[in-house]
Every structure is written in structure tokens, then in C-alpha cells.
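I opened a notebook for this structure and put down what I looked up, entry by entry.

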Amino acid sequence: MGFLDRFLRAAHFSGGVHPDDHKRPAADAPLRVMAPPARVYVPLVQHIGAPARALVAVGDHVRKGERIGAPHGAVSAAIHAPTSGRVIAIGDIVAPHPSGLPVRGITIESDGRDEWGELEGCDDPFALDPAEIGRRVAQAGVVGLGGAAFPSAVKLSGGLGARVELLIINASECEPFLSCDDRLMRDRAAEAVDGIAIMLHATGAREARIGIEDNKPEAIAAMRAAVAGHARIRVEVIPTRYPMGSEKHLILVLTGREVPAEGRPSDIGVVVHNVGTAVAVRNAVRFGRPLVSRIVTVNGACVREPGNVEVPIGTLAGEVLAFCGGLRADHGGPARLLLGGPMTGMQVPTLEVPVIKGTGGILVLDAAEVGGGPCIRCGDCMRACPVGLLPLEIAARVRAGEVDKAAGFGLADCIACGCCAYVCPSRIPLVQYFHHAKGELAARARGTQRNETIRTLTRAKAERLEREECDKAEALARRAAASLAAATAAKQPAAVAEKAVEDANQESGVCA
Ligand code: SF4
Ligand code: SF4
């Protein structure tokens, strides 16, 4: 299949946009590495799934890479210390979430040594059993670095329950302003391809295809050079069209096959991982290194030195911005702060929030980049939506606080691609509305589930107590019958024994 086929497929998926990508000059600036700050703030939930359980106490000394949070449940991820130092607090910290609501996290004061703990590496990952690779990836707390933050071990080790034929590496990075994957492929292509080879071994897939949009020629060249000699891994150039990075669209363009509605890629034998995740998997398996840092794009017209920075997890976004020279003095000031890209990212009220595993970008946009105004009911958002929703109607319901009605308009089907917000001439932050409403619906569902669990437990307790009463009464009746038999045998006055049986039968009447 050639580029033309992939181009035609991309042209035929409904909706989608071709935005001005705003990736350069940030993408062209050399990758910088940031030293750990004085304090890191590490949330216990940075992934899809249940929060981790804290394994340390205030006052403990931890080394870099030491496990400080244990996964909790089937879909969860371990959390590790991003640097060495002392735990100074465990409690609520402001989370990278549009609500600004706090989440539970661990604060570590750096000892300035950035000293690694013991690591369990492996010289030959291909000699390991695939299940062992999954175990090591889980131990290292690796999650999808494309933004979804789904625990990677679940997808790698067959946790989705289907046989995988094809491994797709999502290196499309279709979101405007972001270039962390582009920079990673330019600078660490050999590491990425090594990670992809390990993933092939772990999943049992026959081949891997790396999908890269055609607006990244340097990354394409670097990855093509790195895959030379890997017969089962190839680079596929795909057209630049948003939301190409959405799993279902990428699979369609690369294979011509559609994931069934309500289905998952594994239903058609495909698994998709982000290219940054491949490097994290390699570090976990070859060197035993947990996921304690990631590359973040710092971009937007207000940033003095835009570029890509490798940042310890838990570093405040404001400190990363300061590392990039802070705000431009010759500019009107920030109009919008975002963690992630402008399409799917989260608008935050302050940059005093930590970078977490899923944070691909810190954007400080000016008024011209944001725009703004009321809805003029132009319908552009409807035409751009790749899943055929009515974004303006959903947003109107959310604004009115009617999230149930928003759900009735198909909110659950929204893939949060941001196409609607991108084309909106009034620059209404539609995706932020949808994130908020989905969060509220999820909280309600959790509340309903909790109430149902309490009801079930209460019912079970009442039934158990009733059963115990029955058992007690039956035992009493049996003992009385035995005593009657014994009395008869010993020729005791029958009236005494009969009275005992009568009493016992009255007692056991509760079981009738
Ligand atoms: S694109 Fe924006 S202005 Fe146009 S209908 Fe949708 S929400 Fe309203
Ligand atoms: S409504 Fe959801 S799926 Fe449709 S364009 Fe907007 S963000 Fe994308």
C-alpha cells in the first residue's frame, strides 16, 4: 500500500481539519534536559484507572526510581520517585485538571543528588518471556505517553484478551503546537526502534508499522535509518490531517480496516502504542528504569524560548516555563494556559500544577492564538466533527448544567479530538466543556456504583444474620431431639424431654 492509498483513505474519513500546525520553531530547537527542581509534586493518579496506593510515609528518604505508589486494581499504574530526597507531605495537591480540584499526591524535597535506587535491567530482552516483559513494564509504571495514559502493560501482555497480529506505532503527532514525539524521533530514533522491537516480542504481533505525518521530514528520515535491518518494522508516511492520531483513524488509514463501533483495535487484531511509550518500554526492560521523566513541548506566542524539554515528573509547569526563559516581555500576556495541545489539552487556571506522565505540552497562548466570542450558530463545529456529533448542542446543555441532556446528544461518543473547537470562529473551548461534563458523569456513575455496593453489602449482611439465626435454632432443635432420645433411653420423665423439644421447635420457627 502506498502513500496515495493512505492519502485517499485520509481524505475520506468524515470531518477532521487541516490546521496550521504551529510546530516550528519549537520542533527545531535542540532537546534540553531539565534538572530536578527543589520539590516535586507527584499525584497518585496520573493514568486511566484506579489511583495508586502510597507506599511511603512523611519523613522517608527515597531514591530516584523507588516505588512510592503501588497499583491498585487491574487497570492502574505504579508511581515512582522522580528524584532522590525526603517525603515532606502526603495529601492533596492541585492537579493538572481544568477543575483545579486537588488530588492525593506525594511531595518530595530533593536532596540535590538525583541518585538512582537499585534497578533490575536485562541484557537480552528477547530472551525474556513476553509475560515477564509485561511484568517489568508494569513494575516501571509505564503508561501511554500520547496523552491517554492507559497502563501499557495491560495492552502489551494480552490484557485486552485478543490475539494481536499488527502493532501500530502512533507517531503521527497531529495535534498543533506539540512536537515532543517529533523531537524524540529525531534525537532518539534508535532507542524508539529498539523499544518497538521489544513490543513486537511482547505482543507476538507479526509486524509493526510506524505512522508519521508528512509534516515531519526529519523524523521520517531518522526513523527510516533506524529501522534499516529490522525486517518486521516499517515506517509509513501518512497525510497531515487532524485527528489522524486518533486510534481508529490511524488504523483506517494504515490498514484500510475499521474498528467496529463500540469495539476496540484488539477486536481486529491490532494494538496501538505511542512512539514515546516505545522508548519508555525499552528503558523499563533493558535498564529497569521506571517512568520518572518525559519530553514536554513548551510553546505558544508568549513563551520566550519555545522548545522541547525532558522534565522530571512532578515538576511544576511554571518552573518548566521559567526554564524556557519565562514569558516574553514584549507581548500582551497570556490569554490561555493549557496542559497538552490546543485540541485535546486541558485549560488550567494556573501553571502551579505538576507535569504528569500524560503531559505532552505546556502552552501559553496569546489573544490572537485564542480568539473568542459568543456562538453564532454557524454549524462549522458539526461539519468538522469526525464522529457526527452536534458539538454546539452538547456545549449549550453543559453550559446550562444539564449534563444528562448533554449525554443524550451523544457526549459519550465524543473522542475529544478538538476539531470542533479548532474550527469554531468564536474559539469557544468546546472540548473543555466536554471534559468537564464527562468528569461529572463519571463522578455520578461512581457514586451510583458506591451506593449499589453499599446496598448489596447491607442485603448480604442481613441475609447472613438471618442464616446464622436459622443455623443456631436448628442446632438447638437437634440438641433437644438428641436429649429426648437420651432421656427416653435413660427412662427420664418424658415430660422434661418433650418440653425441651417443644421449646426448640418454637425457636427454629424463624426458619420456616
Ligand atoms: S462552530 Fe462555534 S460558533 Fe459555530 S455553531 Fe459551533 S460553537 Fe457555535
Ligand atoms: S464533539 Fe468531540 S468528537 Fe466531535 S469534533 Fe468535537 S471533540 Fe471531536
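I began with helix α4 and listed its buried residues: C180, D181, D182, R183, L184, M185 and R186. Buried means under 20% relative accessible area, exposed over 50%, and partly exposed in between, with a 1.4 Å probe and protein chains only. Helix α4 covers residues 180-187, and seven of its eight residues are buried, so the rest of the structure largely encloses it.

I noted the basis of the entries: this is a predicted model, where local features need pLDDT of at least 70 and side-chain atom pairs count only at pLDDT 80 or more, while totals for chains, interfaces and linings use all residues. Residues are numbered from 1 along each chain as its sequence is written, chains are lettered from A and ligands numbered from 1 in the order in which they are written, and side-chain values use heavy atoms, leaving out hydrogens and water.

I looked up the whole chain next. The protein chain has 16 helices and 17 strands; these are DSSP runs, helices being H or I with at least four residues and strands E with at least two, numbered from the N terminus. Of its 512 residues, 49% count as buried.

I checked I233 for contacts (heavy atoms within 4.5 Å). Leaving aside neighbours within four places in sequence, I233 is in contact with V193, I196, A197, L200, A208, I210 and V227.

I went on to helix α12, residues 391-399, where P391, L392, E393, I394, A395 and V398 are buried. G401 follows α12 and has a positive phi, near 80°.

I finished with the ligands, taking as surrounding residues those with a heavy atom within 4 Å. Around ligand 1 I found C375, I376, R377, C378, G379, D380, C381, L392, C424, P425, S426 and I428. Around ligand 2 I found C385, P386, V387, P391, C414, I415, A416, C417, G418, C419, C420 and F434.
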